[in-house]
Amino acid sequence: MRTTSRVNGVQRQLDHEPGDSLLTALRSNGVTGPKRGCEAGDCGCCTVWIDGEAVQSCLFPAFRAGHRQVTTIEGLARVSGAAVVGHRTLPLHPVQQAFLDEEGYQCGYCTAGMIMTLASPGAERCDGLGARTKGNICRCTGWKSIERAAHAVEEPRQAALREEETAGGVGASVPNRHGPDIVSGVPSFTSDFHDELPGDAELLHIAAVRSPHAHAEIHRVDAAAALATDGVIDVFWHEHVPRVPYTTACHPAEPRDAFDTYLLDNRVRFVGQRVAIVVAESVQAARRAARRVRVEYTVLQSVIDPREALREGAPVIHPEAESTQIADPCRNLIGEIRYRRGDVEAGLAAADETVELEVETPRQQHTHLEPHTATAWVENDGTSEGLLVVRTSTQVPYLTRRTLARSLGRTEESIRVFKPRVGGGFGNKQEVLCEDLVAFTALRLGRPVSWELSRDEEFIATNTRHPMILRVRAGATRAGALTALCLDFLATGGAYGNHSYDVLECGAFESLALYTCDAKETHGRAVYTNTVPAGAFRGYGAAQTTFAVDSALDELALKLGMDPWEFRRMNVVGPDSPLHLGQEADASHRLGGYALDRCLDYVQRRLNELDAAGEAHAASSGSTEWRYGSGFGVSTVASGLADIHVSGATAELTESGVRICTATADIGTGSDTTLAQIAAETLGIGFDRIELQSGDTARAPEDSGAYASATAYIGGRAVALAAERLRERIRKLSAIVHASDPEELELTDQGIVRRPARPGDDGGRPTRTVGFAELLQAAKEAGTTLRASSESVSYQSVSMSFAVVGVHLRCHVPTGRVEVLDVVQGVDAGRLLNPRIARAQAEGATAQSIGYSLSEELVIDDSGRVENPTFREYRVPAVGDIGPMETVFFEDPDDAGPFGAKALGELTTTAAPAAVANAVRRAIGSRPTRLPLTGETVWRLLNDATAKGGPVHEKADRASRK
């Protein structure tokens with residue numbers, strides 16, 4: 001079909017298939033500003049205007065756009081007639097400019113739709129930002145920067161302030177370098193590009209056939225009807241692929257993950273597992289044909305509950321002999337850890353008060369708005385097998401390359417993996433979940449192939465946070481000193497091992513090492529179940545274990561009648577404390593900077609003020625429907641992984657400045673900007689002189705990827721080292737040109753300048769400047785290059801960061817609904833490389849964790865099926881769910897990180913759930929033991945507390961307000 005529309009002021013013919021949405025028609029005709037996020041009208045990423053009215057284009061039939069005015073983000077400023085001049089002299093609408101000024105985005109995938117919603121002519125008729133954005137979702141920002149952008153439309157920034165922010169190195173709030181492209185809809189994401197394909201080959205598309213059963217053997221696959229479908233090229237299942245075990249988890253060095261995954265398996269282990277793939281000339285044809293594939297199964301007994309999975313006689317989920325690195329497949333045990341320091345039982349016996357608390361945490365889905373997507377093709381590189389090229393939305397280009405090499409039987413050198421902009425990851429793109437079959441198909445058919453998962457597939461077939469059952473035992477003296485701390489926890493790994501072993505280790509260390517105690521013990525197990533797999537998720541086990549440990553310690557303080565703040569101060573590690581998990585101090589972690597004490601002091605003072613204001617308001621209103629409370633959580637996070645997390649970078653002089661190449665991936669964290677700041681500061685030149693290329697295995701040395709809060713700490717160190725080596729090479733070459741001492745030469749924005757060592761020389765004025773072009777010519781004549789690199793940069797021990805998150809909230813007695821009124825957080829992340837980006841990271845991490853605490857749970861029924869695989873059923877926080885948020889950084893520069901920086905991205909994630917639960921405990925007098933704290937859950941707690949005589953107002957609460 002062909003529909004004629006006026007798109008962004010220009011008459012266009014939109015070719016599309018019958019039944020296509022306007023979103024599909026626009027994107028297939030090269031208009032990529034509207035993004036595909038859900039295809040159900042739930043996320044708002046695809047918002048456009050039809051004759052000036054905002055609509056979600058994924059629900060709007062393409063044929064209905066005929067002879068109508070369609071406006072997308074690309075044409076917003078021009079069509080609306082409200083253009084202003086913004087950064088890089090791009091014409092921008094005032095809403096675009098406000099988003100640029102206030103950095104109302106992180107990954108940027110939702111930004112086009114958000115701007116189109118807020119800029120629409122009818123938006124001003126809505127009362128409040130929540131009403132205006134009720135059809136939009138943002139997962140990265142925590143909404144705070146979007147609120148600031150919405151306010152800035154009315155009070156725009158002065159141009160002078162904008163220009164001031166564009167200059168500066170480390171420590172400056174330099175705007176995200178990708179901002180102009182994001183707010184104006186320039187193609188940036190993996191599925192936006194189709195112009196790098198070899199020759200004139202047409203792109204093929206994949207659709208998956210997925211299992212309806214939790215556990216079954218595949219008896220027979222009949223693809224005849226699918227192969228007869230127009231546009232279908234081929235169908236593949238387990239008989240067509242190599243049977244090589246691998247792990248979808250991507251870790252550096254030798255991973256400890258279970259090698260239990262196959263390209264396509266002869267046994268399915270969860271509802272939604274891929275069984276076969278259909279390859280066709282269009283997405284629509286592939287999906288039609290996938291519904292026609294017939295699969296005969298022999299259904300097997302399944303196990304859903306992790307406790308049942310460990311019992312004798314339970315179905316064995318991975319009986320195959322080929323899979324390796326499984327702790328005990330006969331018991332469904334993926335991995336197990338045990339650490340002990342001192343005698344825990346003796347410590348508990350010696351305590352004046354003890355507490356034993358069992359809690360449960362749910363499955364949380366990442367819900368990054370950009371689905372998993374990848375495109376692969378083969379290029380002629382002069383070898384017999386060719387170069388396999390994979391463009392993908394990944395956090396880990398090099399580790400993805402290694403996984404592809406293993407699963408496909410190729411050398412790593414014969415594969416190139418690169419990423420454009422990544423639309424959010426949070427750990428779920430530290431996996432190979434679509435790249436393997438895309439690469440296999442491209443190799444098999446010799447044509448470029450693409451696969452973009454649907455939102456339904458994201459929910460039922462990718463990964464979740466590990467649900468856990470945790471038991472904490474703790475004891476303390478009457479004075480408040482911990483005598484014993486014991487953590488026993490069971491993690492559900494789901495159908496595949498993925499990240500389970502390291503999640504156990506990370507969760508145990510980052511919750512227990514935070515506290516000083518002579519008697520500690522931890523026992524962690526991860527088990528297989530016939531459910532959607534669990535994997536890496538921001539906080540990586542520590543969000544669950546910190547919730548359990550901090551809840552138990554908060555309860556112990558209440559039993560002691562102690563101020564919970566003083567109880568924490570007595571027992572958290574100090575600046576000279578060893579970090580203990582097991583018998584000995586952990587030499588791979590260190591305290592290179594310490595401001596936890598200042599974080600505690602600040603958050604306590606602010607929560608006391610909020611408590612007093614809340615009590616005064618409650619007293620004056622006379623209402624008994626609401627109960628108010630505040631609580632806090634404390635967390636620590638390591639800055640990457642010692643020894644095995646490596647990074648590398650190259651730095652090369654160009655005629656306009658310096659090009660930095662790193663394989664680390666900016667996944668919305670702003671790392672491309674902060675790494676460029678590090679390079680500019682090291683070289684002594686302006687930020688705008690730095691060109692930074694990231695996320696490409698063909699252009700930079702090996703890098704372990706963007707996860708474990710390591711990008712700035714380890715990737716930044718690699719960039720700084722490469723830049724430092726380049727600066728020295730330039731100075732040494734320039735010394736020949738200047739006939740000067742290299743120490744007298746300084747690199748500037750114009751080139752090399754001689755600054756005499758003695759002020760009296762040449763009147764103290766610099767001599768002739770040697771420009772970049774002249775330096776490059778001199779290098780050519782000398783037979784050398786002005787290029788330097790750093791490779792395999794790592795740390796023998798990594799520094800710890802700290803955060804304290806305080807939450808002030810209220811609980812509605814009739815319904816149990818919890819409303820977060822205020823969030824206050826103190827953060828110790830060393831020196832801030834970019835305060836503006838740092839604040840956005842902390843806000844987004846906390847908001848994501850508040851969702852985990854109050855509303856988010858991927859629900860699995862007794863058959864293993866996901867019950868809520870849509871955004872309207874799985875509720876992520878909206879703008880009104882977070883409350884005002886105040887973030888204060890206390891900078892104590894680390895002595896190892898680049899320019900004193902430490903980990904940041906996951907810090908507040910791990911502290912927030914305990915803060916919410918502890919606040920609810922004080923509001924209603926009953927201890928929450930299961931997340932999320934939905935209205936029903938809190939209503940039941942309220943009724944339990946009432947049956948026991950009403951809420952408890954402990955003397956510790958009164959003491960904490962003094």
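Trainee: Why is Thr 117 called buried?

Mentor: Its relative accessibility is 10%. Buried means under 20% relative accessible area, exposed over 50%, and partly exposed in between, with a 1.4 Å probe and protein chains only. Thr 117 therefore counts as buried. Before we go on: this is a predicted model, where local features need pLDDT of at least 70, side-chain atom pairs count only at pLDDT 80 or more, and totals for chains, interfaces and linings use all residues. Residues are numbered from 1 along each chain as its sequence is written, and side-chain values use heavy atoms, with hydrogens and water left out.

Trainee: Where does Thr 117 lie, and what does it touch?

Mentor: Thr 117 lies in helix H4. Helices (H or I, at least four residues) and strands (E, at least two) are DSSP runs, numbered from the N terminus. Not counting residues up to four places away in sequence, Thr 117 touches Thr 47, Ala 123, Arg 132 and Asn 136. Contact means heavy atoms within 4.5 Å.

Trainee: Why does Val 186 count as partly exposed?

Mentor: Val 186 has a relative accessible area of 35%, so it is partly exposed. It sits in the loop between helix H8 (179-184) and strand S8 (204-210). Thr 32 is 154 residues away in sequence, yet the two C-alpha atoms are 8.0 Å apart.

Trainee: Is Ser 5 buried or exposed?

Mentor: Buried, because the relative accessible area of Ser 5 is 0%. Its place is strand S1, residues 2-7. Beyond its neighbours within four places in sequence, Ser 5 contacts residues including Val 10, Leu 14, Ala 65 and His 67. Its side chain reaches the backbone oxygen of Ala 65 at 2.7 Å. Asp 518 is 513 residues along the chain from Ser 5, with 73 Å between their C-alpha atoms.

Trainee: What makes the pairing of Arg 754 with Glu 744 a polar contact?

Mentor: The distance between the side chains of Arg 754 and Glu 744 is 2.9 Å. A polar contact is a pair of N or O atoms within 3.5 Å; within protein, one must be able to donate a hydrogen and the other to accept it, and residues adjacent in sequence count only if both atoms are side-chain atoms. Arg 754 also joins Ser 740, side chain to side chain, at 3.4 Å. Arg 754 belongs to strand S29, residues 751-754. At 17% relative accessibility, Arg 754 counts as buried.

Trainee: How are two packed helices described?

Mentor: By the angle between their axes and the distance between the axes. Take helix H17 (residues 542-560) and helix H18 (residues 564-571): their axes come within 9 Å and cross at roughly 115 degrees. Axes are lines fitted to C-alpha atoms, for helices over the stretch in contact, and angles run from 0 to 180 degrees between N-to-C directions. Residues that meet there include Leu 553 and Leu 560 in H17, and Phe 567 in H18.
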